[in-house]
Amino acid sequence: MELIYKLLGVGTAIAEEAAVATEELPAGAGFISLIGTFFPLIIMFALMYFLMIRPEKKRKKKEKAMLDALKRGDRICTIGGIYGTIMDIKDDTITLAVGRDNMSMVITRWAVRSVEDVTIENESESLN
């Protein structure tokens, strides 16, 4: 087996690497090597934070503020596309007046998509 290693030069290459590894390294070389190893991971985490996590947190915070500010008389749109006016709010349930006949409908607070600024009119009759 040694003959094969000597013929291929593998034995000398291994011996040279072992000799280099036993030499003493400068005092801060281990720390610099560690930083060089983890620097790409730190950069990737920072990019992920600024491109994905931070905008999502801002959107959630804005949505929570909108849901907390709901009050009686607000015109809302639900996630199902139903427009209505808030008649009553209790904890996590909201009672809406929907349609021309002001039919009441109960939904959960998280089902509100947005608060509308204008009323929707159909053939000059207000829907609510």
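Guide: Start with a definition: a helix is a DSSP run of H or I with at least four residues, numbered from the N terminus. Keep in mind that this is a predicted model.

Visitor: How many helices and strands does the chain have?

Guide: There are 3 helices and 7 strands. From the N terminus on, they run α-α-α-β-β-β-β-β-β-β.

Visitor: What separates E63 and R59 in helix α3?

Guide: About one helical turn, because E63 and R59 are 4 residues apart in helix α3. E56 and R59 also lie in helix α3, 3 residues apart, again about one turn of the helix.

Visitor: What makes E63 and R59 a salt bridge?

Guide: The rule asks for a side-chain nitrogen of Lys or Arg within 4 Å of a carboxyl oxygen of Asp or Glu. The closest N and O atoms of E63 and R59 are 3.2 Å apart. That is within 4 Å, so the pair counts.

Visitor: What makes E56 and R59 a salt bridge?

Guide: Their side chains meet at 2.6 Å, N to O. That too is within 4 Å, so E56 and R59 count. E56, R59 and E63 are linked in a network of salt bridges. By this rule the chain has 4 salt bridges.

Visitor: Why can such side chains pair at all?

Guide: Side chains of opposite charge can pair when their charged atoms come close.

Visitor: Why is E56 called partly exposed?

Guide: Buried means under 20% relative accessible area, and exposed means over 50%. E56 has 36%, which lies in between, so E56 is partly exposed. R59, at 41%, is partly exposed for that reason. E63, at 30%, is also partly exposed.

Visitor: Why is D74 called buried?

Guide: D74 has a relative accessible area of 11%. The cut-off is under 20%, so D74 is buried. D74 lies in the loop between α3 and β1 (75-78).

Visitor: Which residues does D74 touch, leaving out those up to four places away in sequence?

Guide: D74 touches A69, G84, T85, I86 and V115. K71 forms a salt bridge with D74, with the closest N and O atoms 3.1 Å apart. The backbone nitrogen of K71 also lies 3.1 Å from a polar atom of the D74 side chain.

Visitor: Which residues make up the largest nonpolar core?

Guide: The core has 10 residues: M66, L67, L70, I76, I86, I94, L96, V98, I107 and V112. Helix α3 (29-68) and strand β3 (93-98) are the elements that give two or more residues to this core. β3 gives the most, with 3 residues. Leaving out residues up to four places away in sequence, L67 touches R109, W110 and V112.

Visitor: What makes such a set a core?

Guide: The residues must be buried, of nonpolar core types, and joined through side-chain atoms within 4.5 Å. In soluble globular proteins, nonpolar side chains tend to be buried together.

Visitor: What is the accessibility of I53, and how is I53 classed?

Guide: I53 has 31% relative accessibility, between 20% and 50%, so I53 counts as partly exposed. I53 is found in helix α3. I53 is also one of the residues making a nonpolar surface patch of about 1200 Å².

Visitor: How much of the chain is buried?

Guide: Buried residues make up 16% of the 128 residues. The chain exposes about 10500 Å², and carbon and sulfur atoms supply 64% of it.

Key. Residues numbered from 1 in each chain as written. Predicted model: local features only at pLDDT ≥ 70, side-chain atom pairs only at ≥ 80, totals over all residues. Heavy atoms only, no water. Buried < 20%, exposed > 50% of the residue type's maximum accessible area, 1.4 Å probe, protein only. Contact = heavy atoms within 4.5 Å. Polar contact = N/O pair within 3.5 Å; in protein donor to acceptor, adjacent residues only side chain to side chain. Patch = residues over 30% accessible without salt bridge, like charges linked within 9 Å, V, L, I, M, F, W, Y side chains within 5 Å. Areas by Shrake-Rupley, 256 points an atom, 1.4 Å probe, with all protein chains shown as cover.
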